[in-house]
Amino acid sequence: MDNDNHSCDNNCKEKKPAFKWDPLRFISKNPDEVLKKVDKRLDKLEKEYFKNTKEKENNLPNIFDIYGVSRRDFLKWSAFLTSTLMLPYIFKPRIARAANILTRTPFIWLDMADCMGNTEAFIRNANPTPAEIIINYVSVNYMESIMAPAGYQAEARRTETIKKDKGKYILVVEGAIPTGMDGKFLTIGAKGDTGIKIVKETAKNAGITIAIGNCAAYGGIPAASPNPTNAVGLSSVTNRSVINIPACPANPVNVVGTLVEYILTGKAPQLDNIGRPLWAYSGRLHDNCYRRGHFEAGEYVRHWGDAGAKKEYCLYMMGCKGPFTWNNCTTAEYNQDTSFPMRAGHGCIGCSEPVFWDRMTPFEKPNADAKIIIPGVEATADEFGVALLGAAGVGIAAHAIYTGIKKKNETKKSSSKKED
Amino acid sequence: MENKENINKYGEINLVHRMTVIKRIIHWTFFLAIINNIITGFYIAYPFLFFGKTPTQSDSLSTGIVNSGETNQAFIMTWMRDFHFIGAVLIDVIFIVWLYLAFFSWKEPLYKSFLPFGDKLEEAWKMIKHYFTLKDKPKTGRYQDPLNAFVFTIFHLLILLQMLTGFQMYVASFTGTSAVGAWWPWLMHFSTDWTLFIFGGLTGVTIAHLFIMWLIIIFIAYHIYIEVWRSVMWKEGDILIPFGGYKYIRNKSETQ
């Protein structure tokens, strides 16, 4: 990759972007121009958020020193993030700069109807990676779970940020937004504002709006059937374009990656048809799973803890929903990049897909064992199909017997007529 | 002398051409492809490990024979999926040919006996009545009877649904492009993405695919029964149509 860029100097115009999902392709088709624009934006942001060069250069080392993350660790991580973002290697130093700027970008984190699982995933780590540390050290102006002010003060911080950093601050929303009863199922803060009101206010002037976790993206568990609070995802209540980063909880890498990309380009990454960044959510788990070979070989775990489970066989028959789920758990792993469900020996539950609580259940049985949604029918497709086939068989047998008896009677009649 | 007696007893016997060679080939290819896809489809939905290797079966002689040994020698699911796709391709081609022949066949276009035209509705109703009263057998004509035409059309619509839901599941493993170009996954997305909204996501599409298979199995049971029943009751050799292409027309019926 590095060499490519050097040889590119002569005939760059003929070169086409190497990746279909190159997230930066919206900027320019000419790679040199892309780099120039990104550098210009980074320079501008650095001037804005740092007083002098010393502060700029000491910012990240100061933060990482506390957690014992060495410079080398950070370089490895920025290389990792560059490749995860499907960017060329030449972007690595720029990603490091963007991460630096990210720690100073004004930031509002709203909690709606949810379990704060995403917050927990980020702030409670034994060995946090740079991604989690950066999330912790972003200049959080408003985040209920970690901010010092309370009550009216906290509210004031939020409104102040909305006014002062209009069009610049990052808005991250976690949790579904109840819309039933004018949103009164969820009231937050000293004034008792409804969640839907706060979200609308805050999203209006945000530089970038991110829905983090399945609840914020698609409604998630609060919106599971029968959804009494009429909870919906963020994109349903605001007319701003929302970047969905679903999963339960969302992977910090995906969040930081999206934010870093925003810092680099000032734009949202390329999204798929349900609002997820393509660089993270374009791969199907089933296709990238390290147990796929066992799937193809017909080697399946049949019971929890059986011999197949010990040999890490495929979890398809234990209800793995990997074939229906798009995410990058298998490559950018969870828990400080150490594991993901299938590696831990449990099937995927499809948490990065819309309505997963209704569509992916039962979680520990194959999809074929799910109940079909036909009113008045409480059965799996196979049970109902067998019942219908049985009914058809009974009908056929009844018709055959009826035909036989009737025919016999008629031949009797006609033969008795003949005898007459 | 003997012939005349027969004519008195069974009526005059004439031949009618019903299925051309192409149609007979289509019929039996369809049959094989559907049976193949039902078996392999069952395996894909719920791997019955009779052939496959399970931790407890791997050392057993009887079931280990089919595939024993290392993982790289087994690949039973790959084969099942492969054969399922091959059967699906056959079904797709046959469906398109059927659609063409339904309108442009020289011998017997399906639309000629299809319901909305003429007094076909009444004829179909007469056939249903005949099934249950065994009286007033509708006259055998040059084209197939409207009731069968209607049932076959329903069956082909089920096949079409299977094709569309199947393509939706197939395109799930594509990542925006393919060996033949980006148009191919685009085409599949374009033509089948609506199934996601109708059936509720990819899991719903899968279950719909499974359930429609049961409807097709029910059709097969009905189809075989009714053709055997006709052969027995009408004595016009209906069961011979997919083999020889001909059936008989008699101007006399026991049930008249």
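Asp272(A) and Arg276(A) are joined by a salt bridge in which the closest N and O atoms lie 3.0 Å apart, and both Asp272(A) and Arg276(A) are buried. The model in which this pair occurs is a predicted one, and a search of the whole structure finds 20 salt bridges over all chains.

### Individual pairs

A further pair in chain A is formed by Glu155(A) and Arg158(A), whose side chains meet in a salt bridge with an N to O distance of 3.6 Å. These two residues stand 3 residues apart in helix α8 of chain A, which covers residues 151–164, and they are therefore separated by about one helical turn. Both Glu155(A) and Arg158(A) are buried.

In chain B, Lys247(B) forms a salt bridge with Asp238(B), with the closest N and O atoms 3.0 Å apart. Lys247(B) has a relative accessible area of 2% and is buried, and Asp238(B), at 2% relative accessibility, counts as buried too because the cut-off for that class is under 20%. The pairs described so far are set out in the table.

| Salt bridge | N to O distance |
|---|---|
| Asp272(A) and Arg276(A) | 3.0 Å |
| Glu155(A) and Arg158(A) | 3.6 Å |
| Lys247(B) and Asp238(B) | 3.0 Å |

### A buried glutamate in chain B

Lys247(B) is also one of the residues in contact with Glu236(B). Glu236(B) lies in the loop between α10 and α11 (241–244) of chain B, and at 1% relative accessibility Glu236(B) counts as buried. When its neighbours within four places in sequence are left aside, the contacts of Glu236(B) are Lys137(B), Thr140(B), Ser231(B), Lys247(B), Tyr248(B), Ile249(B) and Arg250(B).

### The interface between the chains

Between chain B and chain A the area buried is about 4000 Å², and carbon and sulfur atoms give 67% of this area. In terms of residues, 44 of chain B are in contact with 48 of chain A. How many salt bridges are counted between chain B and chain A? The count is 0 salt bridges, whereas 13 residue pairs in polar contact are counted between chain B and chain A, with both residues of each pair at pLDDT 80 or more.

On the side of chain B that touches chain A, the elements giving two or more residues are α2 (21–45), α4 (71–74), α5 (76–104), α6 (120–133) and α10 (201–234) of chain B. Of these, α10(B) gives the most, with 16 residues. The residues on this side of chain B divide into 29 nonpolar, 11 polar and 4 charged.

### Chain A as a whole

The secondary structure of chain A comes to 19 helices and 9 strands, and of the 420 residues of chain A, 51% count as buried. Among the contacts in chain A with a separation of 6 or more, 72% are accounted for by residues 24 or more positions apart. Chain A exposes about 19800 Å², and carbon and sulfur atoms supply 54% of that area.

Definitions and conventions. Residues are numbered from 1 along each chain as its sequence is written. Chains are lettered from A and ligands numbered from 1 in the order in which they are written. This is a predicted model: local features need pLDDT of at least 70, side-chain atom pairs count only at pLDDT 80 or more; totals for chains, interfaces and linings use all residues. Side-chain values use heavy atoms; hydrogens and water are left out. A salt bridge is a side-chain nitrogen of Lys or Arg within 4 Å of a carboxyl oxygen of Asp or Glu. Helices (H or I, at least four residues) and strands (E, at least two) are DSSP runs, numbered from the N terminus. Buried means under 20% relative accessible area, exposed over 50%, partly exposed in between (1.4 Å probe, protein chains only). Contact means heavy atoms within 4.5 Å. Buried area is the accessible area (1.4 Å probe) that two parts lose on being put together, summed over both. A polar contact is a pair of N or O atoms within 3.5 Å; within protein, one must be able to donate a hydrogen and the other to accept it, and residues adjacent in sequence count only if both atoms are side-chain atoms. Ala, Val, Leu, Ile, Met, Phe, Trp, Tyr, Cys and Pro count as nonpolar, Asp, Glu, Lys and Arg as charged, and the others, Gly among them, as polar. Accessible areas come from the Shrake-Rupley method with a 1.4 Å probe; for residues, only the protein chains shown count as cover.
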